[in-house]
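Please walk me through this structure, one part at a time.

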Amino acid sequence: MEAFESLIRYSYHNKALMNEALTHSSYSNEGHRGARNNERLEFLGDSVLSVIVAEFLFNRYRHRPEGELTKMRASLVCEQSLYQFAMQIHLGDYLHVGKGEEHTGGRNRPSILSDAFEAVIASIYLDGGFDAAKEFVLRFVPARLESRPAGPQNDYKTALQEIIQKNREEKIEYVLVSEAGPDHNKAFTVEVHLNSNIIGMGSGRSKKQAEQLAAKEALELMGYAT
């Protein structure tokens, strides 16, 4: 664990938070006593990351319109970007995963690594505060921003949000309706709701992928080319 702290350039006061961030549900589900998985931290880390990136873009690009900033943020907090960040610190080497995940390459699976990276952000935030989490995140964001590939990113969620937000009375929400399969081969199904109406559904190996596919279906239903 000292090696991991060295890689992330942060020393925990509460080592239990670090262990929780590095524990996948497949490990805790095997009955390891006291092992808490990182799903709750992932939930918090997603929001902390979004705020840090939004603040960074807001301050760095003072004359860019809101729509462009939204697209830039989406490209930085998507699964592929988080996976690349996780690979830079060899995060998979330090994860506690179950035997099934170990045998099927879970340590290198983008969905697992991106979720774990968000959990690490949350653990640093809870242990050392917002500034510590910000310092950690901003080790990765500027370089990723400069290396973003040109052209469309197939970010259907952002495209849908930009269409819906033209009418401020409308509200979209992504609802997880099912989660099936063993830990090493999960399938998630998500609905996207416009107010109380279902306008799209998607299934994928991660919640983020399922949300993107649900948004894609919604765009198609609304007559937008994807």
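Start with helix 8, which is mostly covered: 15 of its 19 residues are buried. Buried means under 20% relative accessible area, exposed means over 50%, and partly exposed lies in between, with a 1.4 Å probe and protein chains only. Helices (H or I, at least four residues) and strands (E, at least two) are DSSP runs, numbered from the N terminus.

This is a predicted model, in which local features need pLDDT of at least 70, side-chain atom pairs count only at pLDDT 80 or more, and totals for chains, interfaces and linings use all residues. Residues are numbered from 1 along each chain as its sequence is written, and side-chain values use heavy atoms, with hydrogens and water left out. The score pLDDT is the predictor's confidence in each residue, from 0 to 100. The protein averages 88, and 94% of the residues score at least 70. Confidence is highest in helix 9, at a mean of 97, and lowest in helix 11, at 83.

Back to helix 8. From its first C-alpha to its last, helix 8 reaches 27 Å, close to the 27 Å expected at 1.5 Å a residue. The expected span is 1.5 Å times one less than the number of residues. Gly 128 belongs to helix 8. At 41% relative accessibility, Gly 128 counts as partly exposed. Just after the helix, Gly 129 takes a positive phi of about 95°.

Now look inside. The largest nonpolar core has 44 residues. Such a core is a set of buried Ala, Val, Leu, Ile, Met, Phe, Trp, Tyr and Cys residues joined through side-chain atoms within 4.5 Å. Among the residues with the most contacts inside it are Leu 57, Leu 91, Phe 117 and Phe 136. Several helices each supply at least two residues, including helix 4 (39-60), helix 5 (66-77) and helix 8 (110-128). Helix 8 gives the largest share of this core, nine residues. In soluble globular proteins, nonpolar side chains tend to be buried together.

Take Phe 117. Leaving aside neighbours within four places in sequence, Phe 117 is in contact (heavy atoms within 4.5 Å) with residues including Leu 82, Phe 85, Leu 91 and Phe 140. A second, separate core has twelve residues, among them Tyr 156, Ile 172, Val 192 and Ile 199.

Three strands form an open sheet in the order 1-2-3, with antiparallel pairing. Two strands pair if DSSP finds at least two bridges between them. Strand 1 (172-180) and strand 3 (197-204) stand at the edges with a single partner strand each, so one side of each is left without a neighbour in the sheet. The twist averages 20° from one strand to the next.

Eight bridges join strand 1 to strand 2. Here Tyr 174 stands opposite Val 192 in strand 2. These two strands form a hairpin with six residues between them. In the turn, Gly 181 has a positive phi of about 95°. Seven bridges join strand 2 (residues 187-194) to strand 3. Val 190 has Gly 202 in strand 3 as its bridge partner.

Helix 11 (residues 156-164) packs on the sheet, touching strand 1 and strand 2. Thr 158 is found in helix 11. At 9% relative accessibility, Thr 158 counts as buried. Beyond residues up to four places away in sequence, Thr 158 touches Thr 70, Lys 71 and Ala 74.

Technical notes. Axes fitted to C-alpha atoms, helices over the stretch in contact; angles between N-to-C directions.
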